[in-house]
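This briefing sets out selected features of the structure shown below, grouped by topic.

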Amino acid sequence: MPPRSLRVDNFICRSCLSSLRKRTPTAQWALRHSSQAAQPLASEASRRSREQETERQKTLETLGLLKGSKNNGVSVNYFEQGEGGRLRRLRGEDEFGQSLNDPDGQADFRMKELEQELEEATQFTKIVEEIWGKQGAEKLRKRVASQDEALPKPSLLLPEEDWTAQDRTRIVQLNNMIRTIGRKSRGGVLPLKRISSLWKYYYAARIALSKKWEFVHPDIWDLLWQILAADHPNNPNRMSHIHVLAKDMQNAGATLRDDQQLLALEATFISGFQEDAITAHKKLVTTLGSRPATFVEFWQLGLRMYCLTGDIARAERVANTLLESPYEKDPRFLLPFIRMCAEKPATVEKGFELYQQLRSALGDAITIEDYDQVISYFLASNETEYAFYVFVEMMTSNTVDLRGTHRVPPSVASPFFYGKWLKRLIGAGDLQGAYNVLLHMKSRGVMPQAIVVNGLIGAWLRSGTADNIKNAEDVAWAMINTRMQFLHIRKDMKSLATYVRLRQYGEGWPRANLETFSLLAENYKDRGIHPKMEELWRAFRDAEIAPNSFMLNQLLFSYLQDGQGKHVAALTRDLINQYQVEPDSWTFMVLWQALAVNRLIQISPDQIGEEVSRTRSLFAEMVRSAHILAANGLDVQLARFILHSFRKLEDKFGLLLAYRALRQIFKFEPPDSVVFELHVGSIDLEKTAKGRNGHRLVHAGKQIEGYLKRRHEERIAAGQLSAGDNLPDDVKQQELGNFVDLFLQNQVQLLGDKNMEQSLEQAAVEMGLNGEVTIVR
């Protein structure tokens with residue numbers, strides 16, 4: 001409250017008393033101790049007499065209240081009059097200024113309320129922008145500004161009052177999910193988990209919402225539609241969600257926009273309610289079907305629906321409506337109609353005419369993808385002739401028209417031309433279409449190339465399906481029979497006196513080559529069908545084709561998988577000598593796996609010596625082929641089999657020499673896993689770590705770490721490394737190899753063999769390493 005009077009050393013002039021009496025009660029404020037306080041007093045100077053004004057100015061100067069006054073020795077007390085006229089002395093000028101600006105003392109409280117309202121408004125705006133983006137938020141602001149103040153403002157949250165306990169729980173869960181989406185979406189596409197969660201909580205709240213649809217604000221419907229209708233891989237159930245959501249919106253009396261009605265119509269059809277969708281489409285002809293903004297999209301949707309249901313009469317009427325309309329449209333809307341016509345022999349001719357109409361409408365804008373799409377329609381319905389017409393037009397830029405011609409030009413009726421088509425179909429994964437093209441080639445008397453047919457056979461086998469594997473075997477064996485027939489005829493022709501040129505005859509398949517046999521051999525090996533592999537091998541020998549190492553390896557692996565590993569070594573020697581085939585790393589892989597120490601669980605003690613000799617002999621054969629193996633680098637798995645074979649036989653001399661030979665001859669440096677395996681004495685480290693010997697793995701790790709640390713310090717002391725440098729990767733790999741070498745050498749010394757050098761030399765001779773590696777260090 002304003003103070004009643006101001007006392008300064010018990011003196012108040014008459015002019016001030018007169019001024020205070022004339023002021024209204026609502027403006028009873030104390031005189032301010034500032035230069036600005038004199039300004040409102042000066043504004044009343046016109047209503048005072050000149051004498052009073054002069055006397056008042058003198059009094060203010062005496063009190064030191066005028067600007068520029070040098071009298072600072074005056075003491076001023078401030079008072080505030082409260083309710084009931086009670087005076088309260090203020091502590092100073094600051095409290096007086098606060099009382100002057102905030103008479104009721106409610107400014108701080110009102111400021112906090114304003115800050116809280118501002119924070120809530122800012123948070124709401126942020127949520128709206130994160131969900132709908134800045135443009136959507138701006139539209140919402142404009143909508144709010146255009147609404148009457150008496151109407152409720154839009155809200156993204158449902159009211160949580162006036163529900164039963166069970167319904168309220170579901171409403172609260174849906175609100176919480178909307179809040180979560182607002183925080184997590186950040187204006188981008190929601191992840192699959194968020195969209196699924198939103199649908200789960202909305203679907204759970206549908207029954208409760210159906211009792212009070214009026215509680216669902218239009219902005220909530222917009223939010224649900226925007227998220228659930230997003231055309232994105234993260235929303236795989238988009239159409240089923242939209243079908244349910246659109247029905248709920250209609251039941252709630254919400255107005256669907258034109259684009260929402262079209263999407264709801266499509267969702268109804270895709271969700272399985274085809275009759276309902278078609279009926280609704282007919283009802284919307286006068287609205288969506290006549291508006292320029294929705295005309296094209298509406299009738300294209302109808303065309304797709306009629307094509308999927310097989311109603312060719314209505315589909316044709318809709319297509320004509322679109323073609324005759326003046327609106328801009330993409331001629332590719334005819335593609336579903338072409339597909340429907342191509343599916344039936346009675347309408348396939350019409351389908352081809354529609355394709356020609358599409359090609360003319362597109363002109364130079366037609367793409368290879370458009371041609372491929374049309375070709376796939378005709379191939380899927382086994383109308384290969386029409387597919388061939390389209391392919392020829394694509395390859396010749398519509399300069400060759402084969403319709404109605406009895407003779408195909410040689411440039412087209414050639415295996416090279418068909419080969420391009422087959423390669424394109426195989427690359428696109430249309431294997432059945434490629435097979436139909438092969439049959440079409442044969443019917444026209446065009447012999448396909450073996451390399452192209454082999455490509456189809458390989459694609460069939462890689463697919464792994466039963467039908468494709470059967471097709472691959474049938475075609476491959478037909479090619480093998482063609483080769484056999486050719487060989488028999490060639491033998492018979494040797495008795496003729498004159499030279500006769502042999503021509504292809506029979507079913508029209510090309511002759512099988514090495515690739516054909518290799519494809520079947522690999523498939524039989526992978527499937528473990530050894531009887532078919534033996535049959536194939538007999539046919540291969542009769543086909544008079546020289547094998548390569550790949551074909552040889554498939555046969556050897558098949559014998560090994562069939563439990564006939566003991567015959568692998570002899571068979572390998574016979575085939576290599578007979579066909580002069582050079583073994584590769586896979587050949588030696590199967591040979592090492594075929595050893596008894598790797599095939600059998602246990603070997604009797606009396607067979608150990610024989611197996612040691614056999615293992616050393618196999619290593620000697622591998623040393624003789626070192627120029628082949630070292631060229632591409634030795635495979636790690638092959639090296640593991642070699643080292644563990646000697647370890648299992650407890651041939652420590654052979655193990656040490658084999659390890660040194662792998663490093664010196666084959667340039668092999670063991671990775672960390674092999675180092676641990678040799679130190680622990682196990683080929684399965686995971687099993688060892690879980691078993692009772694897990695401590696051995698820990699001990700090996702500590703020893704390896706200690707060795708590397710010591711070598712690191714030694715290299716630093718020798719000046720090979722700086723004090724702060726770590727061991728380079730190649731140096732570390734080399735040091736690990738040296739660690740294994742020292743470990744294996746120590747194992748040999750622990751044997752206590754007095755003739756250790758002689759034993760090592762004998763082992764080196766048996767392993768073909770005489771003079772090849774360092775025996776003693």
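**Overview**

Of the 777 residues in the protein, 42% are buried, where buried means under 20% relative accessible area, exposed over 50% and partly exposed in between (1.4 Å probe, protein chains only). The model is predicted, so local features need pLDDT of at least 70 and side-chain atom pairs count only at pLDDT 80 or more, whereas totals for chains, interfaces and linings use all residues. Residues are numbered from 1 along each chain as its sequence is written, and side-chain values use heavy atoms, with hydrogens and water left out.

**Fold and contacts**

- The secondary structure comprises 36 helices and 2 strands; these are DSSP runs numbered from the N terminus (helices H or I, at least four residues; strands E, at least two).
- Among contacts (heavy atoms within 4.5 Å) between residues at least 6 apart in sequence, 65% join residues at least 24 apart.

**Nonpolar cores**

- A nonpolar core is a set of buried Ala, Val, Leu, Ile, Met, Phe, Trp, Tyr and Cys residues joined through side-chain atoms within 4.5 Å.
- The largest such core has 159 residues, and the members touching the most others are Trp 421, Phe 517, Trp 592, Phe 619, Met 622, Leu 662 and Leu 769.
- Not counting residues up to four places away in sequence, Phe 619 touches Trp 592, Ile 642, Phe 646, Ala 658, Ala 661, Leu 662, Met 767 and Leu 769.
- A second, separate core of 36 residues includes Leu 198, Leu 224, Trp 225 and Ala 246.

**Packing of α24 and α26**

- Helices α24 (residues 549-561) and α26 (residues 585-593) pack at about 15°, with their axes 9 Å apart; axes are lines fitted to C-alpha atoms over the stretch in contact, and angles run from 0 to 180 degrees between N-to-C directions.
- α24 is therefore roughly parallel to α26, a term for angles under 35 degrees.
- The contact involves Asn 553, Leu 556, Phe 557 and Leu 560 of α24, together with Trp 586, Thr 587, Met 589, Val 590 and Gln 593 of α26.

**Helix α32**

- In α32 (residues 672-680), the buried residues are Val 674, Val 675, Glu 677, Leu 678, His 679 and Val 680.
- These buried residues pack against α30 (636-648), α33 (685-690), α34 (694-717) and α35 (729-749).
- Gly 681, which follows α32, has a positive phi near 85°.

**His 243**

- His 243 belongs to helix α9 (residues 238-251) and counts as buried because its relative accessibility is 10%.
- Leaving aside neighbours within four places in sequence, His 243 contacts Ala 267, Thr 268, Ser 271 and Phe 273.

Definitions and conventions
Parallel < 35°, antiparallel > 145°, perpendicular 65-115°, else oblique.
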